[in-house]
Amino acid sequence: MENGYPHSDWYDQTTAVVPSAKPEARRKSRTGFKAAMLVVSLLILITASVFAFSHSAPVMRTERDGFSGSESPAEEQPQTNPDAGSGTTSGSLMQRVEADRDVTLELVPTDGLEELSLQTLYSVCIDSVVGIKAYYEGVYGYGWGSGIVMTEDGYILTNQHIIDAANRASVVLPDGTELDALLIGEDAQTDIAVLKVEATGLTPAVFGDSDALSVGDAVAAIGNPLGSNLSGTLTDGIISAINRDIQVSGRRMTLLQTDAALNEGSSGGPLINMYGQVVGITSLRMVSRSSDINVEGIGFAIPSTTVKTIADQLIAAGEVTGRPGIGITVATIPTWAAAEYSYPDGLYVYAVSTGSDAEAKGVQPGDILTHVNGQAVAKTDDVLSQRDLLNVGDTLTLTLYRDGEIFDVDITLQDIDDLY
């Protein structure tokens, strides 16, 4: 909680922050180094990063205001769990309900379709965009975001971070009608959630294939930035990059990059191609914490191909399973520490999950992870890139340094839900 409100989802890139000077006294022992890592962790917590990724919701609102609210400071990550954020749920306290029918998301090709003007696109798509209110136990006001109508009978797509920590939520239809929402399922790794409201006759969005996009394609975004006073705001731009790998609080997300303006409250809304098809769900934007640097026009959206894969699983089973987990938490080794302790290049194993195969095979806190499946690792993303090539039950080889010796450990990847 910050100022009585849940923390806003402001996440930093997981890069190391190196102290400007060495501590005056350090013991050359693994215990001493671990203590030093705790000092580094504290330094990271009080050191501002130049850039950060910001989810553009939730924004705290009250019933009587449209703009005033609470914004929390950044939460930095001194250690990174390569499996963090990969679980199927992440703390939403909403009432859950099973899908009442077999629903899948269809991606419609553009064959034979004509491009629309922005005016026509807006008129075609606006009735498929809704507001999301997230309420928190003991908190006055609500978090505000956007959502997309998936079916005419009330299945709604949005970002998971909008409802994270909420004990209830509602959906605000384009005509202002507010309906209580239940949770079909949520996935923190991909930041996707499916809600259900009791309604009929809604206008479902048409979804297109994000794999058909090219850099330079024109797109538009519709959302509810800064609160209900600005509901239904249209912005436009282009696809700036495709398959952009972004690491957010230990989660690796592969996203579309766009220069269409995205702001707090726009999260969960549609990114639309010029045929009126939803090709992504807006989720993040790049911001700067330096007064000397301006960041404009760098936003991100979850590709519709990812949305389909996850939404279909959430509707069918209420969760996403089968993601491989390693069971270790790692930290970047500061330059001075690597030199002082004569450590090889790699990552410091900060913790090992109880019950993991890594623990069973003898991986210990204090080990230095130098390679994964023969590939050198210098940051968490290097570990993720190797893990994500494999499945639960596959073997992963960790190359470790301990007490002057380098050795390999073969571990079996386990379902993340069984590890955390």
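Strand 20 and strand 21 (residues 368-372) run antiparallel and are joined by 2 bridges. In this pairing L347 stands opposite L369 of strand 21. The model is a predicted one. Strand 20 is also paired with strand 19 (residues 328-332), again antiparallel, through 5 bridges. There, I328 stands opposite V352 of strand 20. Strand 20 itself spans residues 347-352 and is mostly covered, with 5 of its 6 residues buried.

Helix 7, residues 380-387, is mostly covered as well: 6 of its 8 residues are buried. These buried residues are T380, D382, V383, L384, Q386 and R387.

**Overall composition**

The protein contains 7 helices and 25 strands. Of its 420 residues, 55% are buried. Among contacts with a separation of 6 or more, 72% are between residues 24 or more positions apart. The accessible surface comes to about 17,800 Å², and carbon and sulfur atoms account for 48% of that surface.

**Nonpolar cores**

The largest nonpolar core has 26 residues, and L157 and V194 have the most contacts inside it. At least two residues each come from strand 7 (155-158), strand 10 (192-196), strand 13 (233-248), strand 14 (251-258), strand 16 (278-288), strand 17 (299-303) and helix 4 (304-317). Helix 4 gives the most, with 5 residues. Another core, of 19 residues, lies apart from this one and includes I326, V330, L390 and V409.

What does V194 touch, not counting residues up to four places away in sequence? The list is Y155, I156, L157, L182, L183, I184, G185, A311, L314 and I315.

**N159**

N159 sits in the loop between strand 7 and helix 3 (160-163). Its relative accessibility is 0%, so N159 counts as buried. The N159 side chain reaches the backbone nitrogen of G268 at 2.8 Å. Leaving aside neighbours within four places in sequence, N159 is in contact with D191, A193, S267, G268, I281, T282, S283 and I302.

**Salt bridges**

The structure holds 9 salt bridges, including those tabulated here.

| Residues | N to O distance |
|---|---|
| R101 and D153 | 2.7 Å |
| E178 and K133 | 3.2 Å |
| D357 and K361 | 3.1 Å |

Where do R101 and D153 lie? R101 is in the loop between strand 3 (59-61) and strand 4 (107-108), and D153 is in the loop between strand 6 (142-149) and strand 7, so the pair ties together parts that are 52 residues apart in sequence. R101 is partly exposed, with a relative accessible area of 39%. D153 has a relative accessible area of 13%, which is under the 20% limit, and therefore counts as buried.

The salt bridge of E178 with K133 also links distant parts of the chain: E178 belongs to strand 9 (residues 178-187) and K133 to strand 5 (residues 129-135), 45 residues apart. E178 is partly exposed at a relative accessible area of 38%, while K133 is buried at 7% relative accessibility.

In the salt bridge between the side chains of D357 and K361, D357 is buried, with a relative accessible area of 16%. K361 is partly exposed, with a relative accessible area of 41%.

Technical notes:
Residues are numbered from 1 along each chain as its sequence is written. This is a predicted model: local features need pLDDT of at least 70, side-chain atom pairs count only at pLDDT 80 or more; totals for chains, interfaces and linings use all residues. Side-chain values use heavy atoms; hydrogens and water are left out. Buried means under 20% relative accessible area, exposed over 50%, partly exposed in between (1.4 Å probe, protein chains only). Helices (H or I, at least four residues) and strands (E, at least two) are DSSP runs, numbered from the N terminus. Two strands pair if DSSP finds at least two bridges between them. Contact means heavy atoms within 4.5 Å. Accessible areas come from the Shrake-Rupley method with a 1.4 Å probe; for residues, only the protein chains shown count as cover. A nonpolar core is a set of buried Ala, Val, Leu, Ile, Met, Phe, Trp, Tyr and Cys residues joined through side-chain atoms within 4.5 Å. A polar contact is a pair of N or O atoms within 3.5 Å; within protein, one must be able to donate a hydrogen and the other to accept it, and residues adjacent in sequence count only if both atoms are side-chain atoms. A salt bridge is a side-chain nitrogen of Lys or Arg within 4 Å of a carboxyl oxygen of Asp or Glu.
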